[in-house]
Amino acid sequence: MAAAILRRLTTLTPAAAASARVAPRPLLPLLARGVSDSTDAITVETSVPFKSHIVDPPSRSATTSARELLSFFRDMALMRRSEIAADSLYKAKLIRGFCHLYDGQEAVAVGMEAAITRADAIITAYRDHCLYLARGGDLVAAFAELMGRRDGCSRGKGGSMHFYKRDANFFGGHGIVGAQVPLGCGIAFAQRYRKEGTVTFDLYGDGAANQGQLFEALNMAALWKLPVILVCENNHYGMGTAEWRASKSPAYYKRGDYVPGLKVDGMDVLAVKQACKFAKDHVLENGPIILEMDTYRYHGHSMSDPGSSYRTRDEIAGIRQERDPIERVRKLILAHDFATAQELKDMEKEIRKQVDAAIAKAKESPMPDPSELFTNVYVNDCGLESFGVDRKVVRTVLP
């Protein structure tokens, strides 16, 4: 019996196993102390009630377990450490171009993934690193892509804003504000047309919430009852502009008018999981719904933004102290005696080693060959020729 429990509890979640390659060692001390199996469920009330628009909200009582809470802690800690490492790599000029970090918003990615399957689709904007990891993305491939290396998840050609994982139905990060929303509705159209019984989570930020294409796509999705969940990750600042300065009505969950909506505490991973399970069931029967995730980013909009000219450091510190998603899960784990504070610190140390090892491995990956500039432009790359500026010397001929 002890061996069976050991096997069950040391099995990583798919996201953690594939993306972090974190060995199960951090959980072994917890097993020795007799941590409850995943079948020993506990019920936790979400931090705040859900707010709803023309739909009855889900229950605040969320069911979880020791194993799930520990996996939430591990996955979010991995994401947080990865983004902090990306900050350092950018400042060292190993990451170039735009780079938008997700630290603070980890509960949205992890809670959403806990509520769905890999057959369901996710599409998002350019703050995409952690969503890729949540979908089971490889940590080495993530850092290789950030550094523009050949072993990156987009072969080093996408960079920070264009992560992609087709085999997990992650249709990437997109650099044009709001442009991914109609694409996500198109994915949902294909799911309904093929009668797959799956859904699409279509993510955008509060800065994209006033885009006309969002409302056009939402109208079509409602007409055709497409299985799409529009997820507004409201971190309250579109670049450096506060939501109240950009939107006459910042209650984004109500902005669908004839489309139901929920406002969710996006810093509470269990609330996110509860809302996403509810939303998936809803859209399969009734068509689209909007989820507004009330969340917060600790970094600026991108690495070029210090993030302190339009908000105070006290505001950031206050959110960290009162609503940080990782600390909330830490408190739950400690309150139910699922682990000690030292065991959680040891897990974080192990994660730091895994991130450092992944970065070292990614640095070994070569840069893409210059000929890669001309691939993946057309469906069939055959017959393309690249000339010099004088149009006389053929520089590259693709086979």
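Helix 14 has 24 residues and spans 36 Å from its first C-alpha to its last, close to the 34 Å expected at 1.5 Å a residue; the expected span is 1.5 Å times one less than the number of residues. Helices (H or I, at least four residues) and strands (E, at least two) are DSSP runs, numbered from the N terminus. The model is predicted: local features need pLDDT of at least 70, side-chain atom pairs count only at pLDDT 80 or more, and totals for chains, interfaces and linings use all residues. Residues are numbered from 1 along each chain as its sequence is written, and side-chain values use heavy atoms, with hydrogens and water left out.

The buried residues of helix 14 include Glu343, Leu344, Met347, Glu350 and Ile351. Further along, Gln354, Val355, Ala358, Ile359 and Ala362 are also among them. Here buried means under 20% relative accessible area, exposed means over 50%, and partly exposed lies in between (1.4 Å probe, protein chains only).

Glu348 is partly exposed at 27% relative accessibility, while Arg330 is buried at 14%.

A search of the whole structure finds 16 salt bridges. Another of them joins the side chains of Arg323 and Asp265, 2.8 Å from N to O. Arg323 belongs to helix 12 (residues 313–323) and Asp265 to strand 9 (residues 261–265), so this bridge ties together parts that are 58 residues apart in sequence. Both partners are inside the cut-off for burial: Arg323 is buried with a relative accessibility of 17%, and Asp265 is buried with 7%. Asp265 and Arg323 are also linked with Asp294 and Arg328 in a network of salt bridges.

A further bridge lies elsewhere in the chain. Arg60 pairs with Glu45, their closest N and O atoms being 3.6 Å apart. The two are 15 residues apart, with Arg60 in the loop between strand 2 (51–53) and strand 3 (61–64) and Glu45 in strand 1 (residues 42–45). Arg60 is partly exposed, at 25% relative accessible area, and Glu45 is exposed, at 53%.

Where does Glu106 sit, and is Glu106 buried or exposed? Glu106 is in helix 5 (residues 106–115) and counts as buried at 0% relative accessibility. Leaving out residues up to four places away in sequence, Glu106 touches Met76, Met79, Arg80 and Pro325, where contact means heavy atoms within 4.5 Å. Glu106 and Ile326 are 220 residues apart in sequence, yet their C-alpha atoms are 8.2 Å apart. The side chain of Glu106 also reaches the backbone nitrogen of Gly104 at 2.9 Å.

That last approach is a polar contact, a pair of N or O atoms within 3.5 Å; within protein, one must be able to donate a hydrogen and the other to accept it, and residues adjacent in sequence count only if both atoms are side-chain atoms. The side chain of Thr375 meets that of Glu372 at 3.0 Å and that of Asn376 at 3.4 Å. Thr375 is buried, at 15% relative accessibility.

Aromatic rings come next. Rings of Phe, Tyr and Trp (its six-membered ring) pair if their centres lie within 6.5 Å; planes under 30 degrees apart count as stacked, over 60 as edge-to-face and the rest as tilted. The whole structure holds 6 aromatic pairs. In one, the ring centres of Tyr164 and Phe171 are 6.3 Å apart with the planes at 80°, so the pair is edge-to-face. Tyr164 is partly exposed at 36%, whereas Phe171 is buried at 17%.

Phe189 and Tyr193 form a stacked pair, 6.1 Å centre to centre with 20° between the planes. They are 4 residues apart in helix 8 (residues 180–193), separated by about one helical turn. Phe189 is partly exposed at 39% relative accessibility, and Tyr193 is exposed at 65%. Ring pairs link Phe189, Tyr193 and Trp224 into a cluster.

Terms used: A salt bridge is a side-chain nitrogen of Lys or Arg within 4 Å of a carboxyl oxygen of Asp or Glu.
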